[in-house]
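Here is a friendly walk through one protein chain, written for someone who likes to check contacts and angles for themselves. Please keep the viewer open as you read.

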Amino acid sequence: MLKEGAKHYSGLEEAVYRNIQACKELAQTTRTAYGPNGMNKMVINHLEKLFVTNDAATILRELEVIEGYEKACKKALEILPDLVCCSAKNLRDVEEVASLLHTSVMSKQYGNEHFLAKLIAQACVSILPDSGHFNVDNIRVCKIVGAGISASSVLHGMVFKKETEGDVTSVKDAKIAVYSCPFDGMITETKGTVLIKNAEELMNFSKGEENLMELQVKAIADSGANVVVTGGKVADMALHYANKYNLMLVRLNSKWDLRRLCKTVGATALPRLTPPTLEEIGHCSSVYLSEVGDTQVVVFKHEKEDGAISTILIRGSTDNLMDDIERAVDDGVNTFKVLTRDKRLVPGGGAAEIELAKQITSYGETCPGLDQYAIKKFAEAFEAIPRALAENSGVKANEVISKLYAVHQEGKKNVGFDIEAEAAAVKDMLEAGVLDTYLGKFWGIKLATNAAVTVLRVDQIIMAKPAGGPKPPSGKKDWDEDQND
């Protein structure tokens with residue numbers, strides 16, 4: 001079936017270890033069994049059959065790690081609802097939503113979380129429909145270099161880094177006609193040849209073309225439209241008549257932008273330069289050309305709070321900084337979407353993880369047989385979150401985890417790692433406002449377990465031989481490199 005030269009990996013050593021790079025939990029179990037001087041292990045499987053071996057594959061196969069992990073995962077998801085410390089009350093209250101977004105924004109923009117969380121909250125709340133079905137694509141981001149983060153703002157509508165094509169640069173109470181075609185005279189589908197015998201015929205021909213163009217533009221203006229948005233090029237003749245009839249002209253090259261604009265203003269994109277009907281015309285409070293820093297932008301602004309799309313205008317000194325702020329905005333917007341589905345919140349800062357680790361360890365001790373080893377390792381894996389927080393803050397991780405366990409044994413479920421303290425300190429995460437979404441934790445646990453179990457189930461890898469053909473030339477050596485050919 002496979003070409004000669006295909007590689008085949010099977011068994012624990014080749015397949016599983018290649019996938020998970022010697023999974024740490026498994027390595028701890030089998031480490032002392034390696035080598036000629038390795039220690040034998042005594043394993044009793046679920047059929048109470050005794051194995052005395054130092055073969056790692058046999059040990060792991062009989063330990064039934066997968067079943068233990070699945071059992072521990074199920075228990076973790078049963079415990080999680082008990083860890084809920086509060087719920088969002090009103091997702092239309094900007095101040096409350098901003099406080100709930102702090103945690104996700106803080107991980108990317110520590111120090112700017114209050115300002116950015118409020119911006120994101122304003123943008124999200126302004127477009128939250130009555131149905132509650134929030135769409136993250138309706139929050140746009142426009143990045144313009146210059147000023148600082150504190151100069152960022154929210155606009156109800158859309159912002160494009162474009163200039164207007166004509167003389168009109170501002171329109172109040174805009175009625176918008178959108179065309180997906182170029183703003184130009186219609187071209188016939190069939191080719192034709194026009195025979196012109198004298199100068200008068202040439203003048204009449206040009207005049208006829210101009211009159212037709214003027215009639216088309218006049219018909220658009222007479223329909224009530226005062227802003228034209230086109231998805232193609234703008235002809236000079238069409239531009240002249242647009243200026244004559246006081247039409248503001250904006251050109252958008254992106255079809256995605258054109259579709260989004262139609263959704264925002266309630267317009268229909270027309271494929272030909274025909275006058276729009278009242279139903280096809282879009283509306284917004286104002287369309288104007290503005291200058292942000294040294295960049296020209298066209299703003300389609302909604303004065304009403306119920307705009308279908310909101311734009312967060314990000315300012316910053318460098319592109320890299322603005323990219324990082326955009327990632328923080330993306331995190332915040334997605335957190336808001338999660339809250340529209342489930343308003344429950346659990347304590348952050350490693351509090352929920354330590355409580356899960358504590359309770360799952362206790363559960364593991366009540367399980368008979370070999371499952372308990374996998375369940376205890378599963379519980380231990382939860383320590384990775386507070387451990388990482390502590391190590392990244394330059395604090396001794398073991399000291400933090402021991403303090404967290406001690407406090408949680410007293411029944412204080414909401415206590416997590418205090419990231420702002422200089423030493424290994426803990427505090428109540430609910431009081432500090434460090435909260436994670438319940439759904440985020442739920443799916444994090446479920447998907448991580450699925451990934452680990454899937455990797456453990458893989459015991460064969462087949463790699464097809466690479467396609468034939470000439471090999472690419474090797475890179476030239478540097479001119480000053482010694483060549484001993």
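Gly146 sits in the loop that links strand S5 (139-145) to strand S6 (153-160). Setting aside residues up to four places away in sequence, Gly146 touches Arg315 and Gly316. The C-alpha atom of Gly146 is also 8.3 Å from that of Val292, although 146 residues separate the two along the chain.

His408 belongs to helix H14 (residues 397-409), and with a relative accessible area of 1% it is buried. Beyond four places in sequence, His408 touches Ala351, Ile354, Glu355, Lys358, Lys413 and Val415.

| Residue | Location | Relative accessible area |
|---|---|---|
| His408 | helix H14 | 1% |

Keep in mind that this is a predicted model. The mean pLDDT of the protein is 79, and 79% of the residues score at least 70. Confidence is highest in strand S14 (residues 344-347), at a mean of 92, and lowest in strand S18 (residues 460-463), at 51. Where pLDDT is low, the predicted coordinates should not be read in detail.

The largest nonpolar core holds 33 residues, and Ile120, Phe134, Ile139, Ile312 and Phe336 have the most contacts inside it. At least two residues of this core come from each of helix H5 (94-106), helix H6 (113-126), strand S13 (310-316) and helix H10 (319-341). H6 supplies the largest share, 8 residues. Another core lies apart from this one; it has 26 residues, including Tyr69, Leu77, Ile360 and Phe442.

What does Ile120 contact, leaving aside its neighbours within four places in sequence? The partners of Ile120 are Leu101, Val105, Ile312, Ala328, Val329, Gly332 and Val333.

Finally, consider how two of the contributing helices pack. The axes of H5 and H6 are 8 Å apart, at an angle of about 125 degrees, which means that H5 is oblique to H6. Their crossing is right-handed. On the H5 side the residues that meet H6 include Val94, Val97, Ala98, Leu101 and Val105. Among the H6 residues that they meet as a group are Leu116, Ala117, Ile120, Ala121 and Val125.

Methods
Residues are numbered from 1 along each chain as its sequence is written. This is a predicted model: local features need pLDDT of at least 70, side-chain atom pairs count only at pLDDT 80 or more; totals for chains, interfaces and linings use all residues. Side-chain values use heavy atoms; hydrogens and water are left out. A nonpolar core is a set of buried Ala, Val, Leu, Ile, Met, Phe, Trp, Tyr and Cys residues joined through side-chain atoms within 4.5 Å. Buried means under 20% relative accessible area, exposed over 50%, partly exposed in between (1.4 Å probe, protein chains only). Helices (H or I, at least four residues) and strands (E, at least two) are DSSP runs, numbered from the N terminus. Contact means heavy atoms within 4.5 Å. pLDDT is the predictor's confidence in each residue, from 0 to 100. Axes are lines fitted to C-alpha atoms, for helices over the stretch in contact, and angles run from 0 to 180 degrees between N-to-C directions. Angles under 35 degrees count as roughly parallel, over 145 as roughly antiparallel, 65 to 115 as roughly perpendicular and the rest as oblique. A crossing is left-handed if the near helix is turned anticlockwise from the far one by less than a right angle, and right-handed if clockwise.
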